[in-house]
Amino acid sequence: MRLISLVPLLCGLAVVAQAGLNRRFAGQSGLLSAVLVNMVVATVATFGVYAVARTVPGFWPEASTGQGRFFDGFTPWHLVPGLCGVLIVIGMPWAIGRLGAVQSALLLMAAQLLTSLVWDAMVEGRPATLARVVGSALAFAGAAIAVWKG
């Protein structure tokens, strides 16, 4: 397995850990307070990574290739990823509290598989081949069996 394959695996771990911990923290101070702390930490950490990537030569060249001003070419579409992040950070702890972590992750995975197939085909130019569709369906079926037969 190539090292880059660890990144999506770590992201998958992070989604569940973040949601589960926010769910726990919500019991102490409410979900919106937990989300606010989460987003403040994420914002501070992002500014730190941004500053290091822009000032340390060779630290992360592909992440800091844009040399224009920060808001050059800004459109409302630039807000969508941040709104998606807020939806994930609020929605997953809420869903885990009502459905459980496995059921929530399964539904998240189903949406990710379908959206990924469509995104690859329509945006990245990678067609939804039979192998990709069947592989995605098998991955979802395996997870579904673990939930409903476990």
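## Burial and surface

Of the 150 residues in the protein chain, 14% count as buried, that is, under 20% relative accessible area with a 1.4 Å probe and protein chains only. The model is a predicted one, in which local features need pLDDT of at least 70 and side-chain atom pairs count only at pLDDT 80 or more, while totals for chains, interfaces and linings use all residues. Residues are numbered from 1 along each chain as its sequence is written, and side-chain values use heavy atoms, with hydrogens and water left out.

The protein chain has an accessible surface of about 11200 Å² (Shrake-Rupley method, 1.4 Å probe). Carbon and sulfur atoms account for 73% of this surface.

## Overall architecture

The protein chain contains five helices and zero strands, where helices are DSSP runs of H or I with at least four residues and strands are runs of E with at least two. Its C-alpha trace spans about 50 × 45 × 35 Å along the principal axes.

Of the contacts (heavy atoms within 4.5 Å) between residues at least 6 apart in sequence, 54% join residues at least 24 apart.

## Packing of α4 and α5

Helix α4 (residues 101-124) and helix α5 (residues 130-148) have axes that come within 10 Å and cross at roughly 175 degrees. The pair is therefore roughly antiparallel (angle over 145 degrees). Residues forming the contact include Leu106, Met109 and Leu113 of α4, together with Ala139, Phe140 and Ala143 of α5.

Definitions and conventions. Buried means under 20% relative accessible area, exposed over 50%, partly exposed in between (1.4 Å probe, protein chains only). Axes are lines fitted to C-alpha atoms, for helices over the stretch in contact, and angles run from 0 to 180 degrees between N-to-C directions. Angles under 35 degrees count as roughly parallel, over 145 as roughly antiparallel, 65 to 115 as roughly perpendicular and the rest as oblique.
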